[in-house]
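Student: I am new to this structure. Please take a single part and go through it closely, then show me what it is connected to.

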Amino acid sequence: MSRFSTTSLCAAAALASIFASPIAAQIIEIEGSETTMTERNLSIEAAQDAMDPLRLIEAYVIDKQAPRNERGGWGKRDSSTYVIGEQIDAVIYLANVGKHNPGQPDNPQEMELAIIIRDLDGNVIYQVDNVHTFKGVRRLQDPLQADYFRDRFTVSARVPLAGEYDVGFVFLDRTRAQDKQTPLEAAIRVVVEEPQGLPALTDLTEMMMEQGFDQSYLLRRCGAYFLSEVKIAGRDAFTQTQFAAQDAMIRYFVNADAVIAAGSQDMPYDQALDEAFDGMDAIAQQYTARMLQNHQAGAHPWAEDVMLQRDAASCRVIYDQRERSE
C-alpha cells in the first residue's frame with residue numbers, strides 16, 4: 001500500500017472517530033437541569049433534540065477600544081453610561097445553542113437577532129426585527145469541546161434619546177425544532193446622555209460663510225459627517241466602490257486636520273492624527289444622535305434633513321476642490 005493511501009486511511013479513521021462515534025462529555029440542559037450526554041446515554045444529535053430552549057448565561061457591555069482579555073475576547077466596559085448615538089457593544093453568552101448537523105464538520109449556526117429598546121416604564125421607544133442573522137461553522141476540537149452547545153455573541157445597538165433604558169437583544173435559534181424556537185431576550189440597562197463639551201451642530205454652510213471660523217473644526221466635522229453615515233448604516237450598506245469613496249473622504253479630512261495641527265502646534269504627526277481622529281469621532285456621535293432621532297421620528301436618517309444635506313454638499317465641494325488642486 002502506498003504511503004499516500006495509508007495516510008488517507010488514517011485521516012479517514014480519525015475523522016470517523018471524531019465525527020461519527022458518540023462523544024459524551026458535552027454539557028446539556030434538560031428540564032432545567034445541567035447534565036451530560038454520558039448520564040443521559042444520548043448521541044450528539046439526540047442531545048440537541050432533547051435539550052431545553054435557549055438560556056441566558058451572562059450579558060455584559062464591552063469596550064472594543066481596550067486590549068483583549070486573556071482568551072482573546074473583548075474586556076468588560078467599566079461603565080454602562082453612553083452618549084446619544086454612541087455604539088453600545090455587548091457580549092451575550094447563551095446555553096442550548098443548536099447547530100445544523102451537530103458534531104459534523106459542516107455545523108452552521110442560524111441565530112436571528114432583534115433589538116427592542118424600552119424605557120423604565122416598559123414603553124418601547126425603538127424596535128427593529130431580524131436585524132441580523134448569525135451564521136457560521138464552529139471549529140471542532142478533538143475531543144469535542146464540553147461547551148459545544150454554548151456560545152458567545154457580540155451585539156451592538158444605539159439609543160436615540162437621552163434617559164435610562166433597557167436595551168433588549170432578542171435571539172431566535174432557527175436550528176432547533178419548532179417547539180424549541182422560543183425567543184430569548186437579554187436586556188442590558190444603560191444610561192444615555194446628551195453629548196457634552198462640543199459646539200452645537202449648527203448649519204455648517206453658514207459657519208463657512210462667517211469670518212474667522214475654526215479650520216480644524218471644519219475638517220473634523222466634514223470627516224465626522226461621512227463617518228456617521230457609515231456608523232448608522234453599517235459598512236455592508238455600501239457597495240465596495242461606495243465604501244472606498246466614503247473611506248477616502250474620511251481619511252482626507254482627518255489627515256488634513258492632523259497635518260495642520262502637527263505643523264502649527266509642533267507635535268508629532270502620530271499624536272496629531274490620534275487627536276484629530278478622537279475629535280472627529282466625538283462630532284460623529286453628535287451626527288449619529290441627530291440621525292437616530294430623525295429615524296425615530298419616521299424619517300430617513302439624513303436624506304430628509306436639510307441641514308445634513310447642506311453639510312454633506314459643502315464637505316463634498318471641499319473634497320472635490322482638493323482633488324482638482326492635486
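Tutor: The lining of the second largest pocket is made up of seven charged, four nonpolar and three polar residues. Here Asp, Glu, Lys and Arg count as charged, Ala, Val, Leu, Ile, Met, Phe, Trp, Tyr, Cys and Pro as nonpolar, and the others, Gly among them, as polar. The model is predicted, with local features needing pLDDT of at least 70 and side-chain atom pairs pLDDT 80 or more, while totals for chains, interfaces and linings use all residues. Residues are numbered from 1 along each chain as its sequence is written, and side-chain values use heavy atoms, with hydrogens and water left out.

Two or more lining residues come from each of E5 and E8 (strands are DSSP E runs of at least two residues, helices H or I runs of at least four, numbered from the N terminus). The greatest contribution to this lining is that of E8, which gives four residues.

E5 and E8 are also neighbours in a sheet. The sheet is open, has three strands in the order E3-E5-E8, and its pairing is antiparallel (two strands pair if DSSP finds at least two bridges between them). At its edges are E3, residues 55-61, and E8, residues 150-157, each of which pairs on one side only. Between E5, residues 88-95, and E8 there are eight bridges, and the two strands run antiparallel. Ala 90, for instance, has Val 155 in E8 as its bridge partner.

E8 leads on to the largest pocket, where it is one of the elements supplying at least two lining residues, along with E6, E7, H5 (215-233) and H7. The volume of this pocket is about 1,300 Å³. Its lining counts 37 residues, and nearest its centre lie Gln 87, Asp 89, Ser 156, Arg 158 and Lys 231. By class, 18 of the lining residues are nonpolar, 11 are charged and eight are polar. The largest share comes from H7, with seven residues. After H7 comes Gly 298, whose phi is positive, near 95 degrees.

The two other strands named for the largest pocket, E6 and E7, belong to a second sheet. This one is open too, with five strands in the order E4-E10-E9-E6-E7 and mixed pairing. Its edge strands are E4 (81-83) and E7 (124-137), and each of them pairs on one side only. E6, residues 108-119, runs antiparallel to E9, and nine bridges join them. Ile 116 has Gly 168 in E9 as its bridge partner. E9 in turn pairs with E10, residues 184-193, in the antiparallel sense, again over nine bridges. Strands of a sheet pair through backbone hydrogen bonds, either parallel or antiparallel.

Technical notes:
On a 1 Å grid over the protein atoms alone, a cavity is a set of points where a 1.4 Å probe fits but cannot get out, and a pocket is an open set with protein on both sides within 12 Å along at least five of seven lines; lining residues have an atom within 4 Å of a point. Grid points are joined across faces, edges and corners, and a volume is the space filled by probe spheres set on the points.
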